Amino acid sequence: MPKPTRAKGWDAVGNPIPGDVASCLVELGVDFKINGDEAVGRCPMHLERTGKEDAHPSWSVRLEDSADDIPAGTFNCFACGYRGSFVQLVADVMKMDWLEAIAWVRARGGIERARMIMAKSERRSAILDTTQQLNEASLALFVDPPQVALDKRSLDPYPVSELGIRWDTAKDAWILPIRDPYTHELWGWQEKNERYFRNRPTDVRKSRTLFGLDAYEGDVAVVLESPLDVARLYTAGIPGGLSSFGAAISDSQMTLVIAHADKVILALDNDRDGMKYSEMMRKLHARRINMSFLNYDGIDAKDVGEMTDEQIFQAYSTATSSTVTRFKVK
């Protein structure tokens, strides 16, 4: 029978692999020493399995994928036979059920590890081939947004410039860069005006990155739908804005948020789609990070782009843990 193939960042049966195995072992409280590509120590489940302490370091775990394609995080105790994936280790040590253990590993880089360990040539073939004609010089074709466009959106030019937002004079459209979340290399952009928005190239993988990540600082992330709302938030004096380029937030994007922030405020639009996705994010990720929601109570606006500075500060400073009462659904 042929050996099952697996996607990078996952084992052959679909379990996520942590981004930094050694750091995760420290977090789990497992004592170990590094020996080449392995962490070696006493089996953390030996006593529970055998009734005896592990007298000698007989347990090891892969720190990196092996040459024969054994995934990082795979462990084995030669004394008691305890072996499996890193998800199994987390479930046993932390006394979690399987889904909780998967979430724990994914929050520590299980999904984004695939991108971190891709060879450069492979990453180019998967992502950059469709954008090979796009580079920073491509953005030079566009200009700074005109004052009339800034005024219409209540935007200051400084945060707009810092976020790399440009203007297409031929189409009267905003140009919103889409960048690699790690290298900030340009993948493409989103064109947007009052009549339409369009991604260039059409298959650019915006669901794998976040707008504003290259300018992000601090420990509180405010996740918004529109990149222009990130600029609006900064204009109001509130840092930390990140955009998912739409109401739907992918698991890759949420993993990026968790990797950069200690707390997240979801500021999705005050409409049915915003409510639906906010509640979905609460159910999926509330255990992974301190999560709250922009408070629209008493504010008749669809998003921060329609708010005054005072309303934005009010909604931000009174962010709530509930997704039920925050919306005035239209």
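Colleague: Which residues line the second largest cavity?
Modeller: A cavity is a set of points on a 1 Å grid over the protein atoms alone where a 1.4 Å probe fits but cannot get out, and a lining residue has an atom within 4 Å of a point. In this predicted model, local features need pLDDT of at least 70 and side-chain atom pairs pLDDT 80 or more, whereas totals for chains, interfaces and linings use all residues. Residues are numbered from 1 along each chain as its sequence is written, and side-chain values use heavy atoms, without hydrogens or water. The second largest cavity is lined by Arg153, Leu155, Leu228, Asp229, Arg232 and Gly305.

Colleague: How many charged residues are in that lining of the second largest cavity?
Modeller: Asp, Glu, Lys and Arg count as charged; Ala, Val, Leu, Ile, Met, Phe, Trp, Tyr, Cys and Pro as nonpolar; the others, Gly among them, as polar. The lining of the second largest cavity has 2 nonpolar residues and 1 polar residue, and its charged residues number 3.

Colleague: What is the volume of the largest cavity?
Modeller: The search of the whole structure finds 2 cavities of 30 Å³ or more. The largest cavity has 14 lining residues, with Arg179, Leu210, Phe211, Gly212 and Asp214 nearest its centre. Its lining divides into 8 nonpolar, 3 polar and 3 charged residues. The volume, meaning the space filled by probe spheres set on the points, is about 80 Å³.

Colleague: Which strands stand at the edges of the open sheet of 4 strands?
Modeller: Strands are DSSP runs of E with at least two residues, numbered from the N terminus, and two strands pair if DSSP finds at least two bridges between them. The open sheet has the order 6-7-8-9, with antiparallel pairing. Each edge strand has a single partner strand, so one side of each lacks a neighbour in the sheet; these are strand 6 (166-168) and strand 9 (197-200).

Colleague: What is the angle between the planes of Phe142 and Trp189?
Modeller: Rings of Phe, Tyr and Trp (its six-membered ring) pair if their centres lie within 6.5 Å, with planes under 30 degrees apart stacked, over 60 edge-to-face and the rest tilted. The count comes to 5 aromatic pairs, and Trp59 and Phe75 form a tilted one, 6.1 Å centre to centre with 45 degrees between the planes. Phe142 and Trp189 form an edge-to-face pair, 5.3 Å centre to centre, with an angle between the planes of 85 degrees.

Note on methods:
1 Å grid on protein atoms, 1.4 Å probe; cavity = no way out; pocket = protein on both sides within 12 Å on 5 of 7 lines; lining within 4 Å.
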